[in-house]
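Biologist: I'm new to this one. Could you walk me through how to read it, feature by feature?

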Amino acid sequence: EIATPAALSCVDRDAIRVFLRRCQDSNSGGYRMHAGGETDTRGCYTALAVAHLLGLLDTELTTGVGDFVTRCQTHEGGIGGEPGAEAHGGYTFCGLAAAVLCDQADQLDLPELLHWLVQRQGAVEGGFNGRTNKLVDGCYSFWQGGAFPLMSLSVGALLRAMPAMSNTPAEAGAGAAAGAA
């Protein structure tokens, strides 16, 4: 076993927390990849994943992350590395994972995100591409494929975001007839 209390006691959790707080970008709500580095969804995911694994994840570390990731979601539905950037498979996984870790995935447009993810699968090859109009590749198949289990963790928020649908064809017909009258 590697995930034991003895193994955890070897990690200076206080130093990790100080490092994570130093990487937090209070202006954007995101995380820098390193001190003085770029702020993007990779930084958000890795910081929150480390905090979660070490039992450090709390409101202080998650504040602003959901808003940052939401600003990184593009008109296509995917997520870019930073606000205004192109939707990209790796950044989409990282942004969605960060939002799930801080329980803020409901801030995303999940139906559009799901649509974008599904559209990344190549009809011939079966794998996934990482961006619109790009070739399928094994790396992106990992990132895009990994996003679907994350979406399943957010299924309640996804269903709430979907347009209301009638329960039966008869109800749908009755609604249409009432609207025509």
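Modeller: Let's begin with contacts, meaning heavy atoms within 4.5 Å. Among contacts in this chain between residues at least 6 apart in sequence, 57% join residues at least 24 apart. Keep in mind that this is a predicted model: local features need pLDDT of at least 70, side-chain atom pairs count only at pLDDT 80 or more, and totals for chains, interfaces and linings use all residues. Residues are numbered from 1 along each chain as its sequence is written, and side-chain values use heavy atoms, with hydrogens and water left out.

Biologist: How many helices and strands are in the chain?

Modeller: Both are DSSP runs, numbered from the N terminus: helices are H or I with at least four residues, strands are E with at least two. Here the chain has 10 helices and 2 strands. From the N terminus on, the order is α-α-β-β-α-α-α-α-α-α-α-α. The C-alpha atoms fill a box of roughly 70 × 40 × 35 Å along the principal axes.

Biologist: Which residues does UniProt list for a domain?

Modeller: UniProt positions use the numbering used here, feature names are shortened, and annotations may be inferred rather than shown by experiment. An unreviewed UniProt entry lists residues 6-152 as "domain: Prenyltransferase alpha-alpha toroid". That span is 53% helix and 3% strand, and its end C-alpha atoms lie 33 Å apart.

Biologist: How many disulfides does a search of the whole structure find?

Modeller: A disulfide is a pair of cysteine sulfur atoms within 2.5 Å. The search of the whole structure finds 0. Take Cys23: its sulfur is 11 Å from the closest cysteine sulfur, in Cys44, so that is too far for a bond. Cys94 is in no disulfide either, as the nearest cysteine sulfur, that of Cys44, is 9.2 Å away.

Biologist: Is Cys23 buried or exposed?

Modeller: Buried means under 20% relative accessible area, exposed over 50%, and partly exposed in between (1.4 Å probe, protein chains only). Cys23 has 2% relative accessibility, so Cys23 counts as buried. Cys94, at 6%, counts as buried too. Buried residues make up 39% of the 181 residues in the chain.

Biologist: And where is Met162 placed?

Modeller: Met162 is in the loop between α9 (155-161) and α10 (169-180). Its relative accessibility is 39%, so Met162 counts as partly exposed.
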